[in-house]
Amino acid sequence: MTQDYKQLIDNIKAGIFAPVYLITGEENYYIDIVQDYFENNIVDESLRDFDQCVVYGRETVMEDVIATAKQFPMMSQHKLVMVKEAQDIETQSHPWEQVADYLEHPHNQTILVFCYRNKKLDKRTRAYKAIDKVGIIVETKQIKDDNLTNWIGTYVNQQGYRISPQGATLIAEFTGNNLSKLANELNKVFINIPAGSDITEDVIERNIGISKEYNSFELQKAIGNRDVVRCNKIINYFAANPKGNSIIPLLGLLYGYFIKIMILHQTPNPADAAKMIGVHPYYLKDYQAAARNYSLGKLASCIGYLHEADLRVKGITAVGTFTEGEILKELIFKIIH
């Protein structure tokens with residue numbers, strides 16, 4: 001049976017257990033949440049040396065895992081057997097077949113958990129089918145970039161704080177869609193401000209180190225407005241501070257930006273515009289302004305400029321020696337003129 005991680009945790013809190021769990025997928029943040037919950041909430045801390053076995057896939061073999069799963073708990077109601085990094089389990093002959101065999105008659109006091117990262121167990125295998133039949137499968141999916149600001153807003157609100165869409169976007173563009181990194185950066189902010197506070201751009205700059213004036217989001221906005229002076233100020237700052245302002249993620253950001261404007265050009269119903277391009281409605285006016293400043297033909301040229309810059313920065317078509325800052329300055333000049 002497939003569940004989401006919240007439903008799984010709610011069931012455990014209610015004392016509803018399955019004999020086996022497969023926690024898998026691309027988003028490690030949610031795998032970590034479930035993994036930590038099992039590790040800290042099934043067996044009493046004082047009894048974990050007796051009734052809790054946690055191993056890493058690369059350090060064990062399935063035969064030992066199954067043998068442990070067949071043992072009775074010594075002092076607890078349940079025995080927890082967890083395999084972290086289960087995708088790396090020793091590849092002796094057909095290790096997952098042993099799981100399928102075990103699940104024909106699983107031990108009724110054992111909770112067997114496999115945390116299978118960055119990959120998925122083949123759904124055609126006996127093991128997957130057996131887990132799906134008698135256990136719980138949680139498949140985590142990597143969050144899409146256009147949902148990051150909403151995720152940040154929700155996470156911040158759940159912790160009892162508030163953040164503006166612009167602040168959320170600033171953090172999202174700095175960290176990317178790595179939810180573990182996002183949560184870590186936000187948790188650093190929570191520690192340093194009073195409970196219930198607003199997370200403003202000044203707070204973000206002080207605690208995370210993102211400049212509220214010179215960042216990718218502000219450059220994108222300046223490009224949309226074809227604001228030459230503002231663009232030059234930002235790219236000069238980037239060139240002077242290359243360590244935290246690599247051009248490569250910026251190229252990906254601008255590619256997505258121009259694609260959104262292209263889609264906006266071809267969206268007949270303004271009411272659907274924010275949803276169609278996948279942005280918070282708060283920012284729609286900025287994209288509409290950019291659409292007025294960039295025709296479809298110009299946007300196609302801009303995407304070509306990005307491709308050229310990408311090849312140059314990777315050294316594929318470079319002639320002579322150019323710094324990332326010099327390549328960026330030339331790129332922005334071509335885009336806004």
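This is a predicted model: local features need pLDDT of at least 70, side-chain atom pairs count only at pLDDT 80 or more; totals for chains, interfaces and linings use all residues.

Helix 1 and helix 2 pack against each other, the largest nonpolar core holds 47 residues, and Thr321 is exposed.

**Helix packing**

- Helix 1, which spans residues 5-13, packs with helix 2, residues 28-41, at an angle of about 10°, and their axes are 10 Å apart.
- Because angles under 35 degrees count as roughly parallel, helix 1 and helix 2 are described as roughly parallel to each other.
- Helix 1 brings Tyr5, Leu8, Ile9, Ile12 and Lys13 to this contact, while helix 2 contributes Tyr30, Ile33, Val34, Tyr37 and Phe38.
- Sorted by class, the contact of helix 1 with helix 2 comprises nine nonpolar residues and one charged residue, with no polar residues.

**Nonpolar cores**

- Within the largest nonpolar core, of 47 residues, the members that touch the most others are Leu8, Tyr21, Phe38, Trp151, Ile152 and Ile199.
- When neighbours within four places in sequence are left aside, Ile152 is in contact with Ile163, Ala168, Ile171, Ala172, Leu182 and Leu186.
- Another core, of 39 residues, lies apart from the largest one, and Phe217, Phe238, Leu250 and Val313 are among its members.

**A loop residue**

- Thr321 sits in the loop between helix 16 (296-313) and helix 17 (324-336).
- The relative accessible area of Thr321 is 79%, and this residue is therefore exposed, the cut-off being over 50%.
- Thr321 and Asp44 are 277 residues apart along the chain, and 62 Å separates their C-alpha atoms.

Key. Residues are numbered from 1 along each chain as its sequence is written. Side-chain values use heavy atoms; hydrogens and water are left out. Axes are lines fitted to C-alpha atoms, for helices over the stretch in contact, and angles run from 0 to 180 degrees between N-to-C directions. Helices (H or I, at least four residues) and strands (E, at least two) are DSSP runs, numbered from the N terminus. Angles under 35 degrees count as roughly parallel, over 145 as roughly antiparallel, 65 to 115 as roughly perpendicular and the rest as oblique. Contact means heavy atoms within 4.5 Å. Ala, Val, Leu, Ile, Met, Phe, Trp, Tyr, Cys and Pro count as nonpolar, Asp, Glu, Lys and Arg as charged, and the others, Gly among them, as polar. A nonpolar core is a set of buried Ala, Val, Leu, Ile, Met, Phe, Trp, Tyr and Cys residues joined through side-chain atoms within 4.5 Å. Buried means under 20% relative accessible area, exposed over 50%, partly exposed in between (1.4 Å probe, protein chains only).
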